[in-house]
Amino acid sequence: MHVHQISLQYRPLDDRILLRISLREGGEQTAWLTRRLLLKLWPLLRNSVSDFVAKVQATQGTAASSVALADGNTRQLLSDLRSSAASEKADFSRPYAEAGSSLDNTLLVHTVNLYSQPQKARFAIELVDKPATPDSQARRLKWDMDETTLHASMKLLDDAIQASGWDIRAATASAEPAPASQTDSLHALERPKYLN
């Protein structure tokens, strides 16, 4: 499947994000992304992308590669810098060319598989729909991207999440474990006493 254009747009009436991929050979693939899915997916996707960027840099032997592989914060910073550079090159001004396909057959994404291939500088995403019956096959939508397209897609997804008002970043930040200094101070507090 050769991707021509990608669109990610929040649809308020459906309260979902609609992913549309137009193909070079013609046609269009569509999928719904829900808030529940993105609560789990967004932090995992950001980490996977930052790891991918660091490993691509390591395979290319750039000066940032050894530092990027050593520390998670540095990997994220490097990924953000590469994302900014890719966003400057991307053409977000050209409107998405709709294929006019119906949304009746749109995948409701149940599972997401990520495939990182830093040696080839390719990153693939596979979206899987929940089968309608236990006997039926799950529908799948898989495409791979180079680093520039990956960063542009991440920006589109981030923009759609911001437009949704779901506050995914705050929800995922509160789900992360507290730093050790905070958990130690909680254990040092005196336990509450109750009167019966």
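## Threonine 30

Threonine 30 is found in strand β3. Helices (H or I, at least four residues) and strands (E, at least two) are DSSP runs, numbered from the N terminus. The model is predicted: local features need pLDDT of at least 70, side-chain atom pairs count only at pLDDT 80 or more, and totals for chains, interfaces and linings use all residues. Residues are numbered from 1 along each chain as its sequence is written, and side-chain values use heavy atoms, with hydrogens and water left out.

Is threonine 30 buried or exposed? Threonine 30 is buried, with a relative accessible area of 8%. Buried means under 20% relative accessible area, exposed over 50%, partly exposed in between (1.4 Å probe, protein chains only). Its side chain makes a polar contact with the side chain of threonine 106, at 2.9 Å. A polar contact is a pair of N or O atoms within 3.5 Å; within protein, one must be able to donate a hydrogen and the other to accept it, and residues adjacent in sequence count only if both atoms are side-chain atoms.

## The sheet

Strands of a sheet pair through backbone hydrogen bonds, either parallel or antiparallel. Here 6 strands form an open sheet, in the order β1-β2-β3-β4-β5-β6, with mixed pairing. Two strands pair if DSSP finds at least two bridges between them. β1 and β6 are the edge strands, each pairing on one side only. From one strand to the next, the twist averages 30 degrees.

β5 and β6 pair in the antiparallel sense over 6 bridges. Leucine 127 has leucine 141, in β6, as its bridge partner. Helix α1 packs on the sheet, touching β2, β3, β4 and β5 (contact: heavy atoms within 4.5 Å). The direction of α1 makes about 10 degrees with that of β4. Helix α4 also packs on the sheet, and its direction makes about 15 degrees with that of β1. Axes are lines fitted to C-alpha atoms, for helices over the stretch in contact, and angles run from 0 to 180 degrees between N-to-C directions.

## The nonpolar core

A nonpolar core is a set of buried Ala, Val, Leu, Ile, Met, Phe, Trp, Tyr and Cys residues joined through side-chain atoms within 4.5 Å. The largest one has 37 residues; Ile17, Leu19, Leu38, Leu127, Trp143 and Leu157 touch the most other members. The largest share of this core, 9 residues, comes from α1.

Not counting residues up to four places away in sequence, isoleucine 17 touches residues including Leu8, Leu38, Leu157 and Trp166.
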